[in-house]
Amino acid sequence: MISAILRAVFGTKHERDVKRMQPAVAQINALEPEMQGLDDGGLAAKTDELRKRVADGEELDDLLPEAFAVCREAARRRVGMRHFDVQLIGGMVLHEGTIAEMATGEGKTLVATLPAYLNALSGKGVHIVTVNDYLAKRDAQWMGPIYQALGLTVGVIQHEASFQYDPAYVTPDVRMTALRPIGRREAYAADITYGTNNEFGFDYLRDNMRFSLDELVQRELNYAIVDEVDSILIDEARTPLIISGPAEESTELYFKIDRIIPKLKRAATIVEGKLSEIEEQKAGDFIVDEKAKTVSLTEAGIVSCERLLGIDNLYDPQHIDSLHHIQQGLRAHSLFRKDVDYMVKDGEVIIVDEFTGRLMPGRRWSDGLHQAVEAKEGVRIERENQTLATITFQNYFRMYGKLAGMTGTAETEAEEFAKIYKLDVTVVPTNRSLIRLNNPDVVYKTEREKFNAVVDDIRERNDKGQPILVGTVSIEKSERLSALLKKRGIRHEVLNAKYHEREAEIVAQAGREGSVTIATNMAGRGTDILLGGNPDFLSKEILRKKGLDPATAAPEARTVAVEEARRITEPEHQRVVERGGLHIVGTERHESRRVDNQLRGRSGRQGDPGSSRFYLSLEDDLLRIFGSQRIQSIMDRLGMEEGEPIEHKLVTRAIGTAQKRVETHNFEIRKHLLEYDDVMNKQREIIYGMRRQILDGASQADTVAEWIEDIVGGTLDGYAPEEAHAEEWDLPALGEALHRQFDLRIPPARYEDVVSRDGLRELVTDAVKARYAGRERELGTELLRALERHEMLIVLDTQWKDHLLSIDHLKEGIGLRGYGQRDPLTEYKKEAFDLFQDMVERVKGAVVERLFKVQIVRDAPMELPAMTAWARTQEMRGEVPGERPGGSPPLSIAVSRPAPAPRTPTGVKIGRNDPCYCGSGKKYKKCHYLQQG
Ligand code: ADP
Ligand code: MG
């Protein structure tokens, strides 16, 4: 109440923000006549002038009005669009490093040109981030003429290709118009670079796996404008980027485990954190938690597995792999559904993106889950991969000096943007007022009744010729609805992963008279739905009908086709407007309100008429898992007849509450992932920072000298501890150790005069230093410095890779442990720190040892790890191994495994890859490490 009054008096924060920007808008408008008076050359010269002023120390903020005015004029001349005033405001919001919420169709692509131009003046580069390659290319081609007129270079990063926008470049393929292939490094050197979040992130990781400076492609991360920012920074933030390479492990075990999975019985399913009473059975082997997407074995389940596999203790270290495989196998069988979560195509399991419904070929679930699904489907199993480099989007994007974003739907997630990315959201008013009519939800008892009602609604509107866009939550649901429509003879298009290539074209025509389009999730599709159809896209169809390939047709033929298309779309536009514009049908509420809004937002763009309605049923996942009891009781109270929907405030509110709970839950998962990644992030920064220094060619002599002293100290501690008497020193063993470590032999006679520990240290240190000085004389200073960098790089990479594997296992271990009183995150942090310390020690030891021992054949180039190794790496988006999403509480029957602690019984620290202290000859991590308490 109070806040409503305050709002009325002072306006909302967004209104105040917008108001604050009005003077600048007026300034930009006032500059317009001057800009219009310039000829093209004069306009282009403005860039040089502004650049010079930036170089001379003027603030970008002070140049904003002028730069925006210049950019607007170039847009008007070159692409026929003059930025609306609200678009200028959007541009200012982006320049401030904030998220601009601007509805679909408000022209965000054009908005981005303003801050991109202004910020590019500093020459440090601007990245415009899109959700897919198609949009990166499209936006660069579309906006390219503006930048080109102003003398800025534009790069485009695609998966496995990069380009520069260059209108002089001739290619027969119009899809590639004006895109000249160039190197990736050049694409990044451009003033403005368009690309996807994945490519930017993977390039960052790849750069940190390179062996020389001139192989690096990215510059320092200066400023990023992220389009569809909620898709990228929220939806996609659940899965980190991972570059992996094959690990040496057989795939046999997956099949073996897969054969026993169907023999295990489900004991219960957890719904809303409680055991669902309906499904609970006394005897059973495993429990499925639908919400947390985890499966755990019961005591009985462990016994069953042991029996089925013919082993006596599943928790024995040698069977720990089987245990892990069983867990993934159970998940594969009970949580991952074919044609919903993945599809099988040409003998491959292809992930279906949970949010966009698109196929993600080449992506793999990590940590053995993908293999488990492959085993389940009986297709060939790809070999398990090992992480070589990984980062979350959160940590990647936080590295930019300035970050901004734009989307139609950000406000519901404002808290997350603020907390994780320190990004504020400003809602920019629409250019024309929104007149879409959002009808209240209707809820049916069963899904069948719901779909029937959906089909009736479609039928009725379709008969009148009104275009309809139907949103579903999965490919499966799309196909089900499609079958129903077919039965009723309603022509329609289904947009889903399978039609990926034609997707943009279908969306573009979703506003045509009588068109019915079914889509699984509309997030980030980027193509505008014009009422009456999109003439550009339609012209392609016309060309095809004439037997011409739109990609290669002559320009004249294309112009003719566009004109022909216009003659169709213009009157059609009028008719569609009269019929009420685009109608949106939602067939289920999504897990977050934001995704619902993305679907709705497709209608009513730029003041168009439009309407929306969501159809729900009590059998929908959202209602079933997250809010059924409450809603069910409301329904029971109100009484429901077959086929009769309910449209009640209480229900709508209950659904809203359920959605908010899911949103919070998903936020928790992402925060959880980030908390884990933050630990790694610090370590990654240290290692990558060191790598970069080495690549930069900085001398590592001081570091090496320090390490040598550390190692001498450590060696002395082992054989001649501080507190020991000279008689207790184990000089022969020390001699051997020095030989091993430093390739050094000190004549025994020289020890005779030494009586104190300090004396001993001096003797050894001097000898080691002299030996190293000898190396320097032998090899020459320059070569030794190069050798130092070379060895450090190789050892760092090997040990870091190994460390990543240990971290993966650690996470898994933490996930398996009973939570008890311990906070798994604290445990994880502590152990990850220890592991890192161990790694650093191993790096020092290995580098020093190699520096003393490596034999160099003069004139032969130093071998770096072969780049061919790259051919076997792959990039993917994974889930984090062993994570229990949301830190959901463990089941009482979850079996706790002893906590690993990297110490021998006597308290001596031991590396996980060192031979086990028990003398088994196995690596410690495969032996007693697992049994420690
Ligand atoms: P969004 O990404 O915000 O949904 P788009 O960038 O795809 O919107 O643009 C939507 C449509 O609006 C495009 O067809 C574009 O040509 C048009 N448009 C955007 N800005 C302007 C403008 N200032 N003047 C005319 N048309 C514009
Ligand atoms: Mg867009």
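This briefing describes the folding of one protein chain in a predicted model. The protein chain contains 31 helices and 26 strands; both are DSSP runs numbered from the N terminus, with at least four residues (H or I) for a helix and at least two (E) for a strand. Of its 933 residues, 56% are buried, where buried means under 20% relative accessible area, exposed over 50% and partly exposed in between (1.4 Å probe, protein chains only).

Residues are numbered from 1 along each chain as its sequence is written, while chains are lettered from A and ligands numbered from 1 in the order in which they are written. Because the model is predicted, local features need pLDDT of at least 70 and side-chain atom pairs count only at pLDDT 80 or more, whereas totals for chains, interfaces and linings use all residues; side-chain values use heavy atoms, with hydrogens and water left out.

**The chain as a whole**

- Contact means heavy atoms within 4.5 Å. Among contacts with a separation of 6 or more, 73% are between residues 24 or more positions apart.
- The protein chain exposes about 40600 Å², of which carbon and sulfur atoms supply 50%; accessible areas come from the Shrake-Rupley method with a 1.4 Å probe, and for residues only the protein chains shown count as cover.

**The nine-stranded sheet**

- Nine strands form an open sheet with mixed pairing, in the order E5-E4-E3-E6-E2-E7-E17-E1-E18. Two strands pair if DSSP finds at least two bridges between them.
- Strands E5 (179-181) and E18 (425-427) stand at the edges; each has a single partner strand, so one side of each is left without a neighbour in the sheet.
- From one strand to the next, the twist averages 25°. Axes are lines fitted to C-alpha atoms, for helices over the stretch in contact, and angles run from 0 to 180 degrees between N-to-C directions.
- Strands E1 (residues 99-101) and E17 (residues 402-407) run parallel and are joined by three bridges. Glutamate 101 has threonine 407 as its bridge partner in E17.
- E3 and E4 are antiparallel, with four bridges between them; valine 156 is paired with phenylalanine 163 of E4. Two residues lie between these strands in their hairpin, where glutamate 160 takes a positive phi near 65°.
- E4 is also joined to E5 by three bridges, and the two run antiparallel. The bridge partner of glutamine 164 in E5 is arginine 180.
- Helix H9 (residues 133-149) lies across E2, E3, E4, E5, E6 and E7, running at about 175° to E3.

- Two bridges link E14 (residues 348-352) to E15, and valine 352 has leucine 359 as its bridge partner in E15.
- Seven of the nine residues of H16 (residues 369-377) are buried, including His370, Gln371 and Glu374. Glycine 378 follows H16 and has a positive phi, near 65°.

**Nonpolar cores and cysteines**

- A nonpolar core is a set of buried Ala, Val, Leu, Ile, Met, Phe, Trp, Tyr and Cys residues joined through side-chain atoms within 4.5 Å. The largest has 93 residues, and Phe397, Phe417 and Phe742 have the most contacts inside it.
- Helix H31 (residues 824-853) contributes the largest share of this core, 11 residues.
- Phenylalanine 417 touches several residues beyond four places away in sequence, among them Ile99, Val229, Leu233 and Val425.
- A second, separate core of 59 residues includes Ala24, Ile28, Cys71 and Leu152.
- Cysteine 71 counts as buried because its relative accessibility is 0%, and cysteine 305 counts as buried because its relative accessibility is 0%.
- A search of the whole structure finds zero disulfides, a disulfide being a pair of cysteine sulfur atoms within 2.5 Å.

**Arginine 691**

- Arginine 691 belongs to helix H26 (residues 649-695). At 1% relative accessibility, arginine 691 counts as buried.
- Although arginine 691 and leucine 793 are 102 residues apart in sequence, their C-alpha atoms are 6.5 Å apart in space.
- Beyond four places away in sequence, arginine 691 touches residues including Asp207, Phe211, Leu793 and Asp797.
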